[in-house]
Amino acid sequence: MAEGAINKALRVLRVVSENSPATLTTLSGLTSLTPPTLLRTLRILADEGYVEQDGDRKWRPTRLLWRLGCAVKDSVGFGELTQRILRDLVLEIDETVVFAAYEEGRLTYAAQAEPSKPVRAHVPLGGNYAALDTTTGHAIMAWLAPQQIEQILSTQGKKGFDFSARRGLVAELRRVASRGFASGTGDRWPGVWGAAAPVFDHSAAPIGAIGVSIPSKKVPAQAHHAEQAVVDAAQRLTIQLGGPSRPPAPKLPDPRTGN
């Protein structure tokens, strides 16, 4: 079936939102549309106020998409519930905490609570990141099906992410599932240690994660307390959303049994 103009526009809008600012050439490669076709679609979206071109001739989404995203978040019904749980969590551990929503291999930081102390981590709301690149993403990936994990690895794995790296990541995800949380430092935010635990919906599918970010180049002294507090907060939100009272069994096969 031929792809219609609406399908193209929606695909372009999504790619621009996830990869901005980006040139026409970059977007052409990401959307598999020829530059002339892509430019026509971008101009239509610009006329409707969804995207704009900056002085560097790169395309980016406008604040209209932010407003629509906020409206969607509010309509889901758990915005205030999530914020209340985050406020309780930040009072307990006195560090920056976030809720990241998960969708198709990517995370959007949808809610945040910060302590009042001057030295703290800051995670911008609305930030959209590849699951493979973050501790929060690993907390979710540990409960995905093997084919979903493979899809993430095939699209997000950078140059040099070979078989050995894949095997190491899968082993890490098994450890995450056995502990109930992911933690550690990463390359995306140097000097920040984080811990995160998944949130599940009524069907026991991971829909996001609650995480904490602590300015530290190594494992902080309060790491264990922060990890347990994040797990407890994620479980409270899961139950409030009608999810399971305990985390479901992971879908990664056990290398010892194959099950």
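Visitor: How many aromatic pairs does the structure hold?

Guide: The structure holds 2 aromatic pairs; rings of Phe, Tyr and Trp (its six-membered ring) pair if their centres lie within 6.5 Å, with planes under 30 degrees apart counted as stacked, over 60 as edge-to-face and the rest as tilted. Please note that this is a predicted model, in which local features need pLDDT of at least 70, side-chain atom pairs count only at pLDDT 80 or more, and totals for chains, interfaces and linings use all residues. Residues are numbered from 1 along each chain as its sequence is written, and side-chain values use heavy atoms, leaving out hydrogens and water.

Visitor: Which residues form an edge-to-face pair at 5.4 Å?

Guide: Tyrosine 109 and tyrosine 129 do, with 5.4 Å centre to centre and 70 degrees between the planes.

Visitor: Are those two tyrosines buried or exposed?

Guide: Both tyrosine 109 and tyrosine 129 are buried, where buried means under 20% relative accessible area, exposed over 50% and partly exposed in between (1.4 Å probe, protein chains only).

Visitor: And which residues pair at 5.7 Å?

Guide: Tryptophan 143 and phenylalanine 200 form an edge-to-face pair, 5.7 Å centre to centre with 75 degrees between the planes. Tryptophan 143 is buried at 4% relative accessibility, and phenylalanine 200 is buried at 1%.

Visitor: Changing topic, which residues of α8 are buried?

Guide: They are Leu169, Val170, Leu173, Val176 and Ala177. Helices (H or I, at least four residues) and strands (E, at least two) are DSSP runs, numbered from the N terminus.

Visitor: What does the face of α8 turned away from its buried side carry?

Guide: That face carries the exposed residues Arg167 and Ser178.
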